[in-house]
Amino acid sequence: MARHDIQSFWLRYVSPFMLLVATMDMASAVTHYSIPEEMEEHAVVASLASDLGLDVRSLYKRKMRIDAVANKKYIDINKDTGELFILEKIDREILCPLRTTTSCYLKLDAAIEDPIRMFNIEVEILDINDNAPHFRRETMHLDISESSPMGERFSLNNAVDPDVGVNSLKDYHLSSSEHFAIEIQTGRDGSKFADLILKKTLDREAQAVHRLVLTAVDGGVPARSGTANIVVRVLDVNDNAPSFDKENYKIELMENSPIGSLVIKMNATDRDEGSNSEIMYSYSLYTSEKTQNMFSLNPDSGEVRVKEMINYEDFKIYDMEIIATDKSPNPLSGLCKVTILVTDMNDNHPEISIKSFQSPIKENAPIDTVIAVISVSDKDSGDNGFVDLTIPASMPFKLRESSDNYFELLISEPLDREKVPEYDITFTVTDRGSPPLSDNETMTLELLDVNDNVPQFPQSFYTIRVMENNAPGALLDSLTAYDPDLHENQYLVYFIIEREIANTSMSMLFSISPENGKLYALKTFDHEIEKEFLFHIEARDSGVPPLSSNVTVHIIIVDQNDNTPVIVSPWRAHGSVVEEKIPRSTDKGSLVSKVIAIDGDSVLNSRITYQFLQVTDATLFSLDQYNGEIRTMRMFSYRDPRLQRLVVVAKDNGEPALSATVTIKLSTVETAVKAYSDMTEVPLEYDIFSDLNLYLVIGLGSVSFLLLITILVTIVLKCQKPKSSKAAPPCRNSVVSERNSFADSTLVSNDAYWYSMFLAETRKGKLVVRQPAPKGSRYIVSSLPRSTGLTETSGSAPSTLQYPK
């Protein structure tokens with residue numbers, strides 16, 4: 001049951017009848033109350049005013065108060081109801097930390113005026129089971145010897161429970177164990193202790209560590225508990241003797257085994273630990289002195305090795321007894337027997353002798369060149385005296401027998417010092433005995449270098465990016481070649497292969513260090529003039545004859561934003577203002593002017609955007625930031641000033657960005673309003689009932705009256721005499737197009753094209769006026785100097801622009 005549930009149970013059932021008992025001790029005039037600890041704040045303890053016989057309505061007037069005598073003020077009085085209530089939650093274990101008594105009291109003084117009266121109040125704080133037992137140490141370590149007798153006791157740390165009475169520590173429990181149990185002891189103060197009892201002897205070899213859990217349980221309802229771990233480490237005693245894998249060993253040993261050869265490694269084990277498991281090996285008294293002289297025994301590792309030369313003809317069998325003893329103060333030992341059987345063998349090794357040897361040799365020595373002469377021999381007879389001479393198969397050499405037991409070493413494959421600078425040639429001679437014996441000898445053959453390798457660059461093509469406006473003498477890159485030859489054959493010299501570009505030699509533009517291949521720029525490059533260079537660099541060694549190779553170098557001059565945009569349209573003298581005229585009746589969206597700027601840089605640095613820097617009326621004009629077109633955003637009103645000043649900035653995309661500006665003064669023209677506004681497009685007129693359509697109607701009517709031949713003749717006549725439409729095809733340069741009689745006909749040309757022509761002619765100093773012609777006629781528009789008026793001609797020819805000659 002949780003602490004909150006206990007308090008609820010106490011307040012609901014027990015408190016009204018038992019715990020909140022107010023008794024008046026008339027002799028001592030002390031009012032007693034009993035409450036449980038951990039009551040919630042503002043919980044009612046008792047009706048103090050009623051218990052003292054005071055009128056609740058007079059508490060405020062008589063200034064009743066509660067004072068704590070010696071403790072913190074945990075309880076106060078509600079002057080409205082006369083009830084004592086919990087001011088702060090009470091923890092009995094903090095209020096009464098000493099456990100010398102099970103009672104805990106909170107003494108209070110109640111004072112009231114008019115007249116002054118004092119009351120002594122004593123509140124007993126009853127304990128609840130709100131604390132679980134706990135151990136001071138969560139893990140207890142015990143070292144117990146495996147020789148400890150049954151029934152031996154071992155003290156354990158006791159648990160502590162701050163609660164009192166039935167809620168205090170009651171019992172201990174130990175986890176299941178076949179070797180241990182606990183016995184509980186009670187002290188004079190009622191505290192309980194647990195002793196660990198050994199109920200079965202320990203065996204460290206069976207289990208070296210025992211892990212137990214000790215649980216302390218209190219007497220509360222519900223009960224609370226705490227645990228601690230007990231780690232028992234079993235201490236070893238020397239109760240196990242060393243033992244061998246087998247009692248008898250039989251070993252076969254070839255005669256003439258090398259001194260120090262391992263015969264057998266004894267392996268005795270001891271289940272104890274520490275010094276009790278450390279083993280020493282020795283011969284027993286039953287091992288003969290001759291055997292001990294022929295074989296050595298390592299006392300620590302148990303290795304039996306050959307001590308003297310073994311000869312099958314002298315002695316065929318050796319017997320020995322080996323004792324393994326531990327290093328305990330009271331040592332124990334084990335014994336085994338070893339029998340060594342000596343087997344006969346081919347005990348004369350073949351011999352090898354190098355009679356002549358030529359080293360070093362040049363790496364370009366021809367195949368079948370004799371390098372060395374070798375002789376072999378064997379003192380044995382029969383098959384044991386026949387010998388074979390071999391060399392490693394992976395080497396570029398071969399053996400050729402020249403006479404009995406004489407061999408020549410020849411070159412079998414081309415040699416390459418750069419791949420293998422020297423060869424360690426091992427000659428192995430083996431007889432045909434059983435088992436065969438062999439001997440070997442190694443000689444080192446050194447190769448002399450010849451100039452047979454061309455210098456090699458890591459790359460066949462170098463691309464070097466150089467930022468324009470570089471400083472003369474700047475390092476561009478290091479072009480280092482590699483030559484695997486030695487000495488002077490690997491010393492390289494670098495130079496630029498001469499090549500002229502635009503009557504300029506490469507050596508005047510670039511320089512390369514002959515020693516280390518570092519490439520330098522000799523001048524400052526301009527991307528707008530020189531974008532790239534392509535030339536070759538040669539690396540030549542110092543051999544005789546010299547070898548060389550070259551590599552292609554591609555120099556790319558990287559652009560910098562070092563050119564300011566130049567405004568080419570509208571054209572104006574340097575620093576002057578561009579003046580334009582525009583009719584006040586110009587429609588919304590009409591093209592006013594177009595700013596065009598160019599930038600000598602490339603790629604992103606030359607990408608230009610346009611912006612208004614200043615504008616008289618921001619609601620009247622718009623500027624396309626990409627193509628520089630200035631258009632009207634609305635029609636002119638009578639309130640708009642006649643002069644409009646536009647400052648356009650053309651800015652590139654470089655970092656930092658460069659820019660240029662142009663100022664355009666626009667003046668509105670009233671005289672051209674009517675002429676410009678009346679220039680409506682004349683719709684193209686298409687005659688629905690053309691001659692071709694008439695023939696088709698007649699042909700369709702004839703189908704019902706004429707035979708098939710008549711129909712075919714009619715189709716032939718129709719194909720031979722087609723009638724074209726009277727509608728003139730639209731011309732690319734036409735200013736005005738015709739309309740047909742239908743209202744929804746398509747507009748062929750538009751005012752935008754006319755207005756672009758208007759602006760172009762106006763900039764040339766000419767006055768261009770567009771006037772309507774009589775119905776059914778075409779326009780002929782002429783451009784004249786500003787002093788000359790516009791002439792109008794009507795006719796059926798397509799519209800053209802005529803300039804004065």
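In this predicted model, residues 24 or more positions apart account for 64% of the contacts in the protein with a separation of 6 or more. The secondary structure against which that figure can be read comes to 9 helices and 55 strands. Of the 805 residues in the protein, buried residues make up 39%, while the accessible surface comes to about 45,600 Å², with 53% of that area belonging to carbon and sulfur atoms.

The strand pairing can be followed through β52, which spans residues 659–669 and runs parallel to strand β45 (residues 578–583), the two being joined by 6 bridges. Within this pairing, E579 has K665 in β52 as its bridge partner. Strand β52 also pairs with strand β51 (residues 643–651), here in the antiparallel sense and over 9 bridges, and in this case V647 finds its bridge partner in T663 of β52.

L475 lies in strand β36, which covers residues 475–478, and, once residues up to four places away in sequence are set aside, L475 touches K518, L519 and Y520. For one of these, L519, the C-alpha atom is separated from that of L475 by 6.0 Å, although the two residues are 44 residues apart along the chain. Is L475 buried, partly exposed or exposed? With a relative accessible area of 48%, L475 is partly exposed, because that class lies between the limits of 20% and 50%.

Conventions. Residues are numbered from 1 along each chain as its sequence is written. This is a predicted model: local features need pLDDT of at least 70, side-chain atom pairs count only at pLDDT 80 or more; totals for chains, interfaces and linings use all residues. Side-chain values use heavy atoms; hydrogens and water are left out. Helices (H or I, at least four residues) and strands (E, at least two) are DSSP runs, numbered from the N terminus. Buried means under 20% relative accessible area, exposed over 50%, partly exposed in between (1.4 Å probe, protein chains only). Contact means heavy atoms within 4.5 Å. Accessible areas come from the Shrake-Rupley method with a 1.4 Å probe; for residues, only the protein chains shown count as cover. Two strands pair if DSSP finds at least two bridges between them.
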